[in-house]
4 protein chains.
Amino acid sequence: MSLLQHAFWDADCAAALSDETLLAAMARFEAALARASAGAGVVPQAAADTIAQICGRARFDAAELAQGARRAGTLAIPFVKRLTAQVAAVSPEAARFVHFGATSQDVVDTGVVLCLAAACDRVRQLSRRLGDAAAALARRHARTPMAARTLLQPAVPVPFGWKAAVWLSMLARCHARFAGAARDACVLQFGGAGGTLSAYGASGAALMQALAGELALPRPAITWHSARDGFARLGAEAAILAGAAGKVARDVSLMMQAEVGEVSEPASEGGGSSSMPHKRNPVGCLAALEAAQRVPALAGTLLAQLSPEHERGLGQWQSQWFTLRELLCSAASALAAMAEVLEGLQVNTAAMRANLERSHGLVYSENVALRLARTLGKPAAHALTEKLCEAAQREARTLAEALRADPQARAAIEEKEIAPLFDPENCFGASGAMIERALAEWSAALSARETGS
Amino acid sequence: MSLLQHAFWDADCAAALSDETLLAAMARFEAALARASAGAGVVPQAAADTIAQICGRARFDAAELAQGARRAGTLAIPFVKRLTAQVAAVSPEAARFVHFGATSQDVVDTGVVLCLAAACDRVRQLSRRLGDAAAALARRHARTPMAARTLLQPAVPVPFGWKAAVWLSMLARCHARFAGAARDACVLQFGGAGGTLSAYGASGAALMQALAGELALPRPAITWHSARDGFARLGAEAAILAGAAGKVARDVSLMMQAEVGEVSEPASEGGGSSSMPHKRNPVGCLAALEAAQRVPALAGTLLAQLSPEHERGLGQWQSQWFTLRELLCSAASALAAMAEVLEGLQVNTAAMRANLERSHGLVYSENVALRLARTLGKPAAHALTEKLCEAAQREARTLAEALRADPQARAAIEEKEIAPLFDPENCFGASGAMIERALAEWSAALSARETGS
Amino acid sequence: MSLLQHAFWDADCAAALSDETLLAAMARFEAALARASAGAGVVPQAAADTIAQICGRARFDAAELAQGARRAGTLAIPFVKRLTAQVAAVSPEAARFVHFGATSQDVVDTGVVLCLAAACDRVRQLSRRLGDAAAALARRHARTPMAARTLLQPAVPVPFGWKAAVWLSMLARCHARFAGAARDACVLQFGGAGGTLSAYGASGAALMQALAGELALPRPAITWHSARDGFARLGAEAAILAGAAGKVARDVSLMMQAEVGEVSEPASEGGGSSSMPHKRNPVGCLAALEAAQRVPALAGTLLAQLSPEHERGLGQWQSQWFTLRELLCSAASALAAMAEVLEGLQVNTAAMRANLERSHGLVYSENVALRLARTLGKPAAHALTEKLCEAAQREARTLAEALRADPQARAAIEEKEIAPLFDPENCFGASGAMIERALAEWSAALSARETGS
Amino acid sequence: MSLLQHAFWDADCAAALSDETLLAAMARFEAALARASAGAGVVPQAAADTIAQICGRARFDAAELAQGARRAGTLAIPFVKRLTAQVAAVSPEAARFVHFGATSQDVVDTGVVLCLAAACDRVRQLSRRLGDAAAALARRHARTPMAARTLLQPAVPVPFGWKAAVWLSMLARCHARFAGAARDACVLQFGGAGGTLSAYGASGAALMQALAGELALPRPAITWHSARDGFARLGAEAAILAGAAGKVARDVSLMMQAEVGEVSEPASEGGGSSSMPHKRNPVGCLAALEAAQRVPALAGTLLAQLSPEHERGLGQWQSQWFTLRELLCSAASALAAMAEVLEGLQVNTAAMRANLERSHGLVYSENVALRLARTLGKPAAHALTEKLCEAAQREARTLAEALRADPQARAAIEEKEIAPLFDPENCFGASGAMIERALAEWSAALSARETGS
């Protein structure tokens with residue numbers, strides 16, 4: 001990744017998926033393979049010890065490896081060559097056992113898995129932070145009225161906390177499903193030349209078990225080198241998480257429009273304009289939306305690479321590292337940005353109420369119709385309400401005024417009943433129960449994080 | 001969908017997702033809503049009965065609805081209008097309660113969900129058939145040797161049954177994860193105007209529960225109209241399933257090349273050429289690969305629609321029906337095609353063995369090196385094996401002949417030991433254990449189908 | 001396509017790409033092939049006459065063809081079979097020459113091309129309508145002030161006509177490039193069994209020329225059955241056109257927000273809400289954004305199908321008809337919707353001006369700084385302007401008031417000079433020249449429509 | 001980009017698009033802006049000279065800029081800040097004029113354009129190399145017989161040179177269209193705060209012209225900051241070019257299968273296996289197919305970013321630099337890899353002929369039928385040929401043997417006529433003329449390179 005690309009990325013996630021981290025993880029695989037092979041009697045213990053020792057301190061020149069990788073079609077070949085040379089400098093005998101019995105894809109895929117595991121942990125930390133921030137808003141604003149907006153037009157009053165609870169419910173599902181996908185994807189790959197561990201004869205199964213233990217990774221039922229649904233699923237869940245952050249960003253950025261003015265990102269240095277000093281920009285939302293726009297295609301790339309040729313395809317697995325790196329870093333970036341935004345969100349409840357009032361009370365027509373129906377029966381109530389709405393719009397007054405001016409309506413409703421009809425809290429329907437359920441869903445998602453489903 | 005598009009689709013899945021089925025499901029929603037509302041005292045029982053009765057036999061002109069939908073921005077509005085007219089013809093009083101308290105997206109989204117549930121069942125039937133067929137091949141050919149191929153080049157001997165078990169393991173994961181995603185996606189949507197069930201006041205939560213019961217759908221924690229990760233996840237899993245079928249198709253089509261000749265699709269009428277009568281085409285693989293090529297982008301579209309504006313976005317939910325229809329029908333098509341192919345697959349074990357032998361024994365070099373190492377030690381054995389391989393290639397003879405002609409090698413190995421080194425069964429490594437584990441994974445996926453995770 | 005899907009599509013474009021139109025175009029290919037073959041002496045004239053006659057009136061059962069297509073892997077085989085049967089019913093002798101020398105892909109690809117040509121004409125009509133409507137707005141509102149908005153925050157005053165001219169410039173490029181891509185894509189495909197017209201020996205090249213003439217299609221340099229960049233390019237340009245319409249829709253829908261209220265879609269029947277009678281929804285924008293959201297992935301599918309296997313791939317060409325149909329219908333839908341919206345757009349210039357004024361004059365700070373610089377020099381002017389802006393925001397008054405209250409500023413500027421600084425027309429910069437150039441670009445795009453580049 | 005990602009990329013293209021190159025290009029923009037502004041009298045000449053001088057030697061810490069960019073939502077803000085500081089160290093007076101009148105997007109977009117122009121030149125060099133190599137094969141093998149393969153099954157004999165000419169024709173179109181798209185995309189972006197060059201009043205248009213001249217870039221009709229079809233089109237053409245290289249790679253990799261053995265990549269160091277020393281891998285094809293698999297989604301991302309909000313969207317333009325970088329580097333990588341492969345391609349004409357002969361002459365049935373028709377009439381000839389093909393398959397002999405054994409056939413054909421029927425050169429149809437036309441198309445594409453259409 002480039003330094004400038006970092007600009008849009010979460011630094012911790014990017015570090016977990018850096019070139020250097022991958023090379024270290026690949027060395028970790030080779031060390032563990034040597035140790036497990038020694039345990040199975042396939043490699044002399046002394047050689048394994050030497051290999052493991054060198055792996056722990058091996059150094060690689062990424063530019064040199066990159067050139068070799070281009071020629072070889074895989075990073076593994078120049079990597080193993082360089083590692084072997086460093087082992088050979090200490091013990092030519094041990095050098096013969098480096099990478100013994102494994103194939104290129106084993107060390108790359110498992111190295112990638114080791115990096116992904118750490119990156120997924122970081123993503124989950126961030127999605128937890130974002131969910132917690134949404135939960136706090138859901139609680140705090142459970143009765144703060146604002147306009148629901150459908151097709152970008154005001155609809156009915158809803159609590160801002162309910163809006164946050166809709167975000168939260170999505171985050172709860174995404175958090176749990178991402179955890180499950182991460183668990184499914186982060187599995188040892190070890191198959192040797194063709195995938196059957198042919199070099200080990202009968203001891204292959206036990207060796208695979210031992211290697212999985214060394215690396216603290218689950219052992220797969222069978223080689224998955226050419227069955228890459230786990231990576232595709234992880235990519236899709238990362239994209240969904242980024243999309244969930246993007247949903248929050250979409251809403252916040254719209255509410256932050258100068259003409260709406262209902263919320264504001266927390267002030268931060270740097271969010272100005274290079275030409276207009278008066279501006280306050282939604283830079284957190286921008287970062288999240290940028291990520292949300294790029295991840296669908298990246299996830300689509302992994303979905304399009306599910307049908308490689310035979311036991312090792314041409315071009316599929318070789319670059320999934322890059323695709324997954326961008327996916328996870330983008331998801332982390334979006335989550336981190338929106339966690340910061342929601343944690344410090346400035347909520348202008350007066351503006352929310354003022355925007356509601358701009359409709360001249362038409363957003364309360366449901367309440368009026370329901371109240372009238374108690375007196376007049378539904379059909380007549382509905383017809384009368386429509387008439388009142390039309391009158392209000394035609395005469396540029398509020399629905400309450402139109403109601404008071406209409407003899408039939410006035411006969412049906414006492415004056416003291418009118419104000420409550422235009423109280424947004426009386427439009428909140430089941431929002432309270434929904435908020436409670438969303439909060440419970442979030443708690444469940446957090447406590448079930450290890451089961452992942 | 002067009003009749004010609006059917007050509008590539010599974011008919012049962014297409015029927016579950018036809019225009020007519022959707023309209024019927026939307027009517028089912030309105031009937032259930034009327035009944036549940038009557039139960040909650042929100043709608044008179046007689047009106048509810050009338051509505052439910054008419055919903056059961058309502059007829060719609062799709063072309064007329066389509067024109068209305070374009071003007072309204074949603075199918076729901078002309079649909080409700082036409083339904084209301086049909087109720088009004090029987091009871092003008094009852095007509096006032098049609099769709100009461102619901103919004104357009106409620107009836108469309110829940111109608112879609114009802115259709116998806118049936119379509120997902122069909123997809124799972126087909127993925128079960130494909131998995132069962134792969135399992136049968138894994139068992140039957142557990143010791144049938146063929147060449148593993150990496151980067152389209154022969155690698156080492158593996159059992160064909162092991163190759164089928166790699167397919168099976170992927171199918172087991174995909175079958176289980178698809179079931180989980182289907183369960184998560186097929187949930188009632190019911191929120192009314194803004195999403196809070198504002199029309200029902202305090203009784204909204206109970207009404208939602210009752211409506212879910214009427215439709216035998218799970219109740220969500222909170223409205224999901226603008227939080228569409230469930231559909232995105234279902235689309236991704238459908239794409240992954242299609243990709244798994246595509247993986248099988250890729251391998252079968254390559255093995256079916258005239259120059260390889262290892263398997264053949266079952267004979268079927270129609271698989272010829274319009275210009276060349278001698279051809280036998282992989283039409284099942286073609287159908288699966290066609291589907292596998294189209295699904296990634298369709299799934300990507302759903303991933304790109306996760307950030308709609310506020311409580312009802314512009315353009316996201318309105319067309320997800322079409323996208324999901326193509327995704328599920330494509331997945332079903334791919335699975336059905338490959339189930340038929342694997343169930344009737346003609347396996348030419350002689351050709352598999354013949355292709356192995358074309359390497360002049362070089363695919364057995366691992367075996368030779370391992371045997372020599374027992375006598376000479378690993379370093380010397382490896383060097384000698386490389387020398388023998390070079391000699392075989394240079395002198396255009398088999399590795400066995402080169403071995404017999406080399407004094408050092410002959411001194412290390414007895415004649416009776418030589419033939420077993422070139423027996424493919426002695427290269428199978430851990431394939432037996434892997435096959436067993438993949439079969440067990442498949443059984444677990446089938447028995448856990450209802451839990452989905 | 002389904003009737004309901006029509007809801008989102010332009011009817012004329014959908015008709016040009018219907019199942020029935022395709023089958024008729026395939027019959028047209030077979031008729032032209034027979035006639036051209038007779039001219040080349042390859043088929044008896046009488047047989048050709050009979051075939052052409054039957055092709056003109058042949059009838060096909062799409063459901064039956066669809067089933068045959070699934071078994072055959074291509075629609076062409078059941079199609080040719082049914083056509084041959086209809087010819088044989090008149091003349092068994094002539095029936096032997098149906099499809100002579102051609103292959104399945106020839107009749108499908110050329111049939112598709114014939115349909116695409118008509119659909120592309122329709123798309124260009126619609127893009128012309130949209131461009132003309134944008135051009136009219138650019139002219140009419142060349143000096144109507146509104147706020148430019150960057151990152152959804154108000155920036156500086158710009159003319160609304162300039163905003164329309166930015167749309168227009170994009171449409172001019174897209175219109176021209178789409179025309180070029182349509183011309184490149186709509187080319188005869190004719191190659192016979194393998195692509196070399198092997199059945200015709202030396203007369204193949206002349207026959208290809210004659211067939212192209214019969215169908216009024218350009219002749220390709222060489223068979224393009226397995227080189228499908230033309231379709232990919234057409235798909236990309238259709239997606240770009242839909243995206244251009246989507247850009248207009250994005251801006252209009254944001255300007256139509258109740259809180260902004262600067263424009264409104266023309267009133268149409270049907271644009272209401274099923275639950276909220278007071279709503280006026282941006283249904284035209286919705287249709288355009290729906291289309292714009294689906295086309296990128298569809299175009300991506302064609303981009304992913306550029307590497308088919310050898311002379312006829314598995315799954316690429318077989319379904320490009322469906323993908324292109326959706327792409328062109330979606331583009332037509334988006335263009336038609338926005339043409340209607342812009343043609344009848346209700347522009348609220350007072351609201352535009354009111355939204356500008358909400359900034360308390362801060363959007364005019366550039367003007368103040370430039371004027372001060374003439375007296376104080378740039379550095380001092382910039383520093384003073386920043387001070388005035390801060391004061392205005394801190395004291396909640398306008399920038400003009402802050403300016404008048406500041407002794408240094410008052411000393412530099414006469415009272416009569418102040419008002420012009422806060423006149424939006426004095427912020428319009430080069431917008432006039434830009435509008436003129438965009439209008440000229442549009443004229444050029446229209447007059448160069450046949451050259452397409 | 002990461003060093004490891006370089007492994008799959010063309011080094012020259014990557015250098016043209018490196019972080020460092022972008023920062024230098026952005027400095028070039030600021031220098032040119034200062035000079036043009038001085039020319040227009042907007043900035044003092046001395047300040048402009050100082051700015052231009054510092055721009056030529058300014059140094060930036062990418063990591064620091066990246067952090068600032070995250071906070072600011074754009075790289076431009078920390079960049080301008082750092083540049084200003086470096087100017088201020090020399091002349092505080094001059095520092096006041098850095099970036100004067102421009103906005104963030106101006107310097108980023110134009111900086112990107114400057115980088116893209118160089119990268120596009122590199123891509124065109126490589127596509128020329130690949131086309132030239134294909135043209136050489138088309139000429140050299142214009143009469144080298146091999147089997148056409150449809151749906152991966154042998155069809156009829158075609159010249160290998162004709163197959164190369166199909167590649168060439170695609171490359172000719174792609175080369176020309178890419179050049180056109182590059183020309184359209186590489187245009188100055190300069191609009192100031194809102195896009196109208198508001199800071200310059202009447203002199204904006206002239207200043208834009210002067211700036212374009214300074215940078216040797218075309219001047220746009222109007223600001224394109226929010227109308228990004230040019231970048232989308234360039235991305236699509238880059239993806240199509242990569243797909244064209246992928247098409248060549250697909251065919252070469254299939255022909256290189258051990259069981260087919262018709263061609264081989266040129267030998268290179270590094271193309272072995274880490275576990276199997278006997279392997280020769282298609283590493284060039286792998287690189288091209290890897291690139292071809294990733295570009296469709298990247299192009300789709302740009303297609304999905306055509307509808308940004310108002311005058312500066314949230315997330316679209318900010319990351320198109322990264323997306324375009326990957327697209328162009330991927331395309332360059334694919335083209336470079338396949339140019340190298342085709343330039344050194346080892347062609348095994350004997351294997352091509354042997355694979356043809358495996359069909360036992362059935363691939364010549366068209367020839368037999370056409371010759372018989374001259375004696376027996378078409379209907380009888382077709383029927384007899386079918387009978388002979390069936391006999392040959394049933395009796396496991398060649399079609400020539402079946403012909404000689406059939407009395408009716410023997411009566412119709414003299415012995416000396418038989419051999420030519422089974423000569424592949426007599427199946428080549430119009431391939432010669434097609435090859436000539438494709439070569440001419442390629443010449444035209446090269447000579448028209450500057451016009452691009």
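1. Conventions. In this predicted model local features need pLDDT of at least 70, side-chain atom pairs count only at pLDDT 80 or more, and totals for chains, interfaces and linings use all residues. Residues are numbered from 1 along each chain as its sequence is written, chains are lettered from A and ligands numbered from 1 in the order in which they are written, and side-chain values use heavy atoms, without hydrogens and water.

2. Helices 8 and 20 of chain D. Helix 8 (residues 104-140) of chain D packs against helix 20 (residues 431-447) of chain D at about 155 degrees, with the axes 11 Å apart. Helices are DSSP runs of H or I with at least four residues, strands are runs of E with at least two, and both are numbered from the N terminus. Axes are lines fitted to C-alpha atoms, for helices over the stretch in contact, and angles run from 0 to 180 degrees between N-to-C directions. The angle makes helix 8 of chain D roughly antiparallel to helix 20 of chain D (under 35 degrees is roughly parallel, over 145 roughly antiparallel, 65 to 115 roughly perpendicular, the rest oblique).

3. Residues of that contact. On helix 8 of chain D the contact includes D:Ser127, D:Arg128 and D:Asp132, while helix 20 of chain D contributes residues including D:Ile435 and D:Trp442 (contact means heavy atoms within 4.5 Å). The residues of this contact of helix 8 with helix 20 of chain D divide into 6 nonpolar, 2 polar and 3 charged (Ala, Val, Leu, Ile, Met, Phe, Trp, Tyr, Cys and Pro count as nonpolar, Asp, Glu, Lys and Arg as charged, and the others, Gly among them, as polar).

4. Helices 11 and 12 of chain C. The axes of helix 11 (residues 229-255) and helix 12 (residues 283-303) of chain C come within 8 Å and cross at roughly 155 degrees. These two helices of chain C are therefore roughly antiparallel to each other. Their contact divides into 16 nonpolar, 4 polar and 1 charged residues.

5. The hairpin of chain D. Strand 1 (residues 145-150) and strand 2 of chain D pair in the antiparallel sense over 5 bridges (pairing requires at least two DSSP bridges). The two strands of chain D form a hairpin with 2 residues between them, and D:Leu151 in the turn has a positive phi of about 55 degrees. In strand 2 (residues 153-159) of chain D, 7 of 7 residues are buried (under 20% relative accessible area; exposed is over 50%, partly exposed in between, with a 1.4 Å probe and protein chains only).

6. D:His310 has a positive phi near 45 degrees and is buried, with a relative accessible area of 1%.
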